[in-house]
Amino acid sequence: MSNHSIASFQYKFKKGTVIFHEGDTSKEMYFITEGEIEITKKVHNHETTLVTLTKGHFFGEMSTFVNEPRIATATAKTDSKLLVVQPDAVQSLLKVYPDVGYIMIKVLCNRLSEMDKKIKE
């Protein structure tokens, strides 16, 4: 994967732009190259912030790997630049660079651990 092909998938999102809504059926995965993204979920009819992600983080992976609708809403908290990657490109990336898969699993395990702590509070 060349830098040129990666750059062609980079998009700008203005502060306040909803990238996807809870329940959407889109499948792309996103890598943050600039800015902050807030991940929220409706809990008892109240919008709850789950996490704010910054440069270097990724999100949207669940819909990329599991054929289910989005479980949360992602919104640009600041003007942001995101690398938007289609599911087939993610699969290709993981075939060429299997260590990326290991890193992603570690990140996902950490996120599950954080969510477990929040639930217990």
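1. Phe 58 is buried, with a relative accessible area of 6%. Buried means under 20% relative accessible area, exposed means over 50%, and partly exposed lies in between (1.4 Å probe, protein chains only). Arg 111 sits over the face of Phe 58, 4.7 Å from the ring centre. A charge counts as over a ring if NZ of Lys or CZ of Arg is within 6 Å of the ring centre and within 35 degrees of the ring normal.

2. A word on the source. This is a predicted model: local features need pLDDT of at least 70, side-chain atom pairs count only at pLDDT 80 or more, and totals for chains, interfaces and linings use all residues. Residues are numbered from 1 along each chain as its sequence is written, and side-chain values use heavy atoms, with hydrogens and water left out.

3. The structure holds four aromatic pairs. Rings of Phe, Tyr and Trp (its six-membered ring) pair if their centres lie within 6.5 Å; planes under 30 degrees apart are stacked, over 60 edge-to-face, and the rest tilted. Phe 20 and Phe 59 have ring centres 5.9 Å apart and planes at 40 degrees, so this pair is tilted. The pair links distant parts of the chain: Phe 20 is in strand S2 (residues 18-20) and Phe 59 in strand S6 (residues 58-59), 39 residues apart. Strands (E, at least two residues) are DSSP runs, numbered from the N terminus.

4. Phe 20 is buried, at 6% relative accessible area. Phe 59 is buried too, at 3%. Ring pairs join Phe 20, Tyr 30 and Phe 59 into a cluster. Arg 70 lies over the face of Phe 20, at 4.0 Å from the ring centre.

Definitions and conventions:
Helix = DSSP H or I, 4+ residues; strand = E, 2+ residues; numbered from the N terminus.
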